[in-house]
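Trainee: I have a structure open and would like to learn how to read it. Could you walk me through a few features?

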Amino acid sequence: MLLLSLCLGPVAGLRAQLNFTFDYSLDTGFFSGANAGRRLHLEAVGSYVSQFLTATSLAGITAGGGNTWTAQFNSPSDPATTHSVTDLAVAANTVVVYVGGAGLGGSVLAQAILPEISASGEQGWVNNTVFKRTVGDSVYTRASVAALSFNSSTSWFFDSTPLANSSFAGQFDFFSVAAHELLHVLGFGDTRGGSGWDRNLFNGAFAGGKSLEEKSDTPFGVPLNAGRDHWAANTLSFSTRDGAVQETLMDPDIAAGVRKYVTSLDLRALNDIGYAAMLTAVPEPAAFALGTGVLCLVWAWRRRGRRDQS
Ligand SMILES: [Zn+2]
């Protein structure tokens, strides 16, 4: 008995499903008051993305004993102002996402904002826990905290049955846009040096091995947009919902009335940047309905530096 628990205990804790924890403390109305019901939709999108990432191994971050860290990012409710969080406790296999709405202007539907992080203390904790994660033989920037801002001026469609392909002409699909942004939060399109994405860029294209297995017609890299943070516009792959040909979730834009699901190419890229994404996963409608369901996306997505507008 004793032997058994010693052997199994540590192993069980290492790899688990990745979870998003949404923090509404900076929200000023997009997710509160009369709009509080939108939180269920966001949580459902988080669950939707999480289900593809069941073997994640992100260490928890706990400050103290001389170890301290700060994350700085533009506020999701007022991107012109900077917000900083010090010594936030982040559970293992969890990414904390501060969410809100703001008038983002133009064609921007939403934006993912990756933080600037500083840390001091024990060197191993700073380097290996706060800043980096080791995946096999590779070392990548880790995801821990981010902000996510939705355009409060957009006409959003919130679908309680997002896997049923509803019709919503003239509105933008919150499910599709939110899912797109959460992949950015995990590092898709993070062109900063040291990121898993950046490490796979070659000559302006994405040369991750798993992605190239699907796109064998582009042996030197899957074409990207000009910012090198999305697939090239109109890139096609296969929906994880039913295997049908679908424009990738992570191409740079989405039109009104369109729903996108995660595609196999999107998941392959997550694999290439260091996540054990399940390439064959098919969302279970029943699981969604429980969450009450909802999921959505974005449309003119661009991302510069730390900010992804997608
Ligand atoms: Zn984007």
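Mentor: Gladly, let's begin with a pair of strands. Strand β12 pairs with strand β13 (residues 205-206) in the antiparallel sense, over 2 bridges. Strands here are DSSP runs of E with at least two residues, helices are runs of H or I with at least four, and both are numbered from the N terminus. Two strands count as paired if DSSP finds at least two bridges between them. Before going on, note that this is a predicted model, where local features need pLDDT of at least 70 and side-chain atom pairs count only at pLDDT 80 or more, while totals for chains, interfaces and linings use all residues. Residues are numbered from 1 along each chain as its sequence is written, and side-chain values use heavy atoms, with hydrogens and water left out.

Trainee: How many salt bridges does the structure hold?

Mentor: Side chains of opposite charge can pair when their charged atoms come close. The cut-off here is a side-chain nitrogen of Lys or Arg within 4 Å of a carboxyl oxygen of Asp or Glu. By that rule there are 8 salt bridges. One of them joins Asp159 to Arg259, with the closest N and O atoms 3.0 Å apart. Asp159 sits in the loop between β10 (156-157) and β11 (172-173), and Arg259 in the loop between β16 (245-247) and α7, so this pair ties together parts that are 100 residues apart in sequence.

Trainee: Is Asp159 buried or exposed?

Mentor: Asp159 is buried, at 4% relative accessibility, and Arg259 is buried too, at 9%. Another salt bridge links Arg192 and Asp190 (3.0 Å, N to O). Of that pair, Arg192 is partly exposed at 22%, while Asp190 is buried at 4%. Shared partners also join Asp159, Asp173 and Arg259 into one network of salt bridges.

Trainee: How much space lies in the largest pocket?

Mentor: Rolling a probe the size of a water molecule over the atoms shows where empty space is left. A pocket is an open set of points, on a 1 Å grid over the protein atoms alone, where a 1.4 Å probe fits, with protein on both sides within 12 Å along at least five of seven lines; lining residues have an atom within 4 Å of a point. Grid points are joined across faces, edges and corners, and the volume is the space filled by probe spheres set on the points. The largest pocket holds about 280 Å³. Among its 21 lining residues, Thr141, Arg142, Ala143, Asp190 and Arg192 are the closest to the centre.

How values were computed. Buried < 20%, exposed > 50% of the residue type's maximum accessible area, 1.4 Å probe, protein only.
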